[in-house]
Amino acid sequence: MANIVQFENVGLRYGTGSETLSDVSFTLKSGSFYFLTGPSGAGKTSLLKLLYLAQRPSRGVIRLFGEDAGALPRQRLPGFRRRIGVVFQDFRLVPHLSAYDNIALPLRVAGVQESDVEAPVREMLAWVGLTERARAKPPTLSGGEQQRIAIARAVIARPELLVADEPTGNVDPEMAERLLYLFESLNRLGTSVVVATHDFHLLHRIPNAQMMRIEHGRLSDPTGVLRNPPGES
Amino acid sequence: MILGLHPHASERRLLDDGQPTRAMTWIMAIMLFLTVLAGALGLGMFGATAQLDRALSGRLTVQIVEPIASLRDSQAGAMVGTLAKLPGVTRVREVDRAHLAQLLKPWLGDAGLDPDLPMPAMIDVEAAGADFATIEQAARRIAPAARVDRHAQWLSPVRDFLSSMSWLAVSLMLLIAGATAAVVLLAARAGLDTHRDTIDVLHMLGSTDVQIARLFQRRIAFDTLLGGIAGTAAALTLVWFLQGRLSAVGSEMLGGVALQRRDWFLLLLLPLGFALLSTLAARVAVLRTLGQRL
């Protein structure tokens, strides 16, 4: 399998503070499933931000889809971002758009004809169990419903890389499994998936998933219990 | 799609366009109202200047001041005959004494009608492309004391005033256009701040800066056009009313200020021009600001 992501001695520093991430090196294979774990404040979200190109590293090299992401000119970023689906920890739904329009956004941004938007959006709404709430706006939805909309939006364009930050944090166990099954199905279709989670039950639901653990901004496996840690570059 | 010229309703909603009338529309209505008034003033003044130029260019008056009536009359007769033969001179006419007396009546009263009152002979000359120096020399040969007055020279302060007013109006229009562009820049930047979260999401989903700029361009162009049409309509109604009042005065010079059909058409184009200006200003503002983000 080809490498879809490669981190080489990556460091990230916000402003003049100390490094949030230090010497992070790993390689993610195309079509694989990864869990990223670690305590709060360890740097999971920062690492994901580097993955979905919301941040540039302070040092080191990130290769994404075979190209040096740190050296990408700004005008090429949209093309790369369209290949990545993101489930944000805080959902980041557009509050004045309906659930339907929020899910349809990636397709519309990619220039899909309006006539080709409805069917996939309806399908995603059904997947996340929100068909009846298609016209509802995010402020009227519960946290769990908003999270499901955020997930539907992230996967609708069938991205090559899916990055999810605590995607099941606000849903009940049954829905969490259902959503994980959605990620797994997408993974089977070739999408590489990276899920940051605290939920240890979730880690065992995907038998072949690889594990990454981050502590104090560094990838680690001090207990040696993590399954299939990704190889360093 | 976001790139579309005729956006789908969902795209129009991206910037939370729920409120149909925004402050920008009112600002643009006021801007266009002032611009159209300034434009009407400028066009009217340009028209009046052109009419004055047409009326005065090539017109002059030869004045023969001679106390001996017989000599004055013979010089006047010779003057008419000689000047009429000069190349480029189209019309030569001696102003009759009764008309002169009528012109002097406000100052002299009925005394101006006294046939013994010595009055200079006045000869009106119209010339198209004639050399005024030649006319002046010919007039002096007949009556060395003759005074030649070019009408354009008398009224040059009036012409200069009209011309200054025209350029003042043009300057005002340019100032308002500049202010409009500045307002649009500020509005676009404020809009970017207001919609920062939405824009961040769009960026993360792969929107290009141009796609996002187009959302703002469309919105600002629509506001400008809507406000502009209202402001222009109000201003043109006022101009039409004032033009009616002006024509009632019956002054030949003020009549030149009246707008022609072409002028009305040019004024009608102003909202469109401002919408284009606003679109451009919004695009520049949004692209510059977004260019500073990742």
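This is a predicted model: local features need pLDDT of at least 70, side-chain atom pairs count only at pLDDT 80 or more; totals for chains, interfaces and linings use all residues.
The bend at a residue is the angle between axes fitted to the seven residues ending there and the seven starting there.

Residues are numbered from 1 along each chain as its sequence is written, while chains are lettered from A and ligands numbered from 1 in the order in which they are written.

Start with the domains, whose bounds come from an automatic or database domain assignment. Chain B has domain 1 (9-53 + 157-291) and domain 2 (66-145). Their C-alpha centres lie 54 Å apart.

Now take helix H11 of chain B, residues 261-291. Helices here are DSSP runs (H or I, at least four residues), strands too (E, at least two), numbered from the N terminus. H11(B) has 31 residues and reaches 46 Å from its first C-alpha to its last. That is close to the expected 45 Å, where the expected span is 1.5 Å times one less than the number of residues. A kink of about 30° lies at Leu270(B), shortly before the proline Pro271(B).

Next comes helix H8 of chain B, residues 196-204. Its buried residues (20 or more other C-beta atoms within 10 Å of their own, C-beta atoms being placed from the backbone) include Ile199(B), Leu202(B) and Met204(B). The buried residues of H8(B) pack against elements of chain A, including helix H3 (99-109), together with H7 (156-194) and H9 (209-249) of chain B. Just after H8(B), Gly206(B) takes a positive phi of about 105°.

Methods: A residue is buried if 20 or more other C-beta atoms lie within 10 Å of its own, exposed if 12 or fewer, and partly exposed in between; C-beta atoms are placed from the backbone. Two residues are in contact if their C-beta atoms, placed from the backbone, lie within 7 Å.
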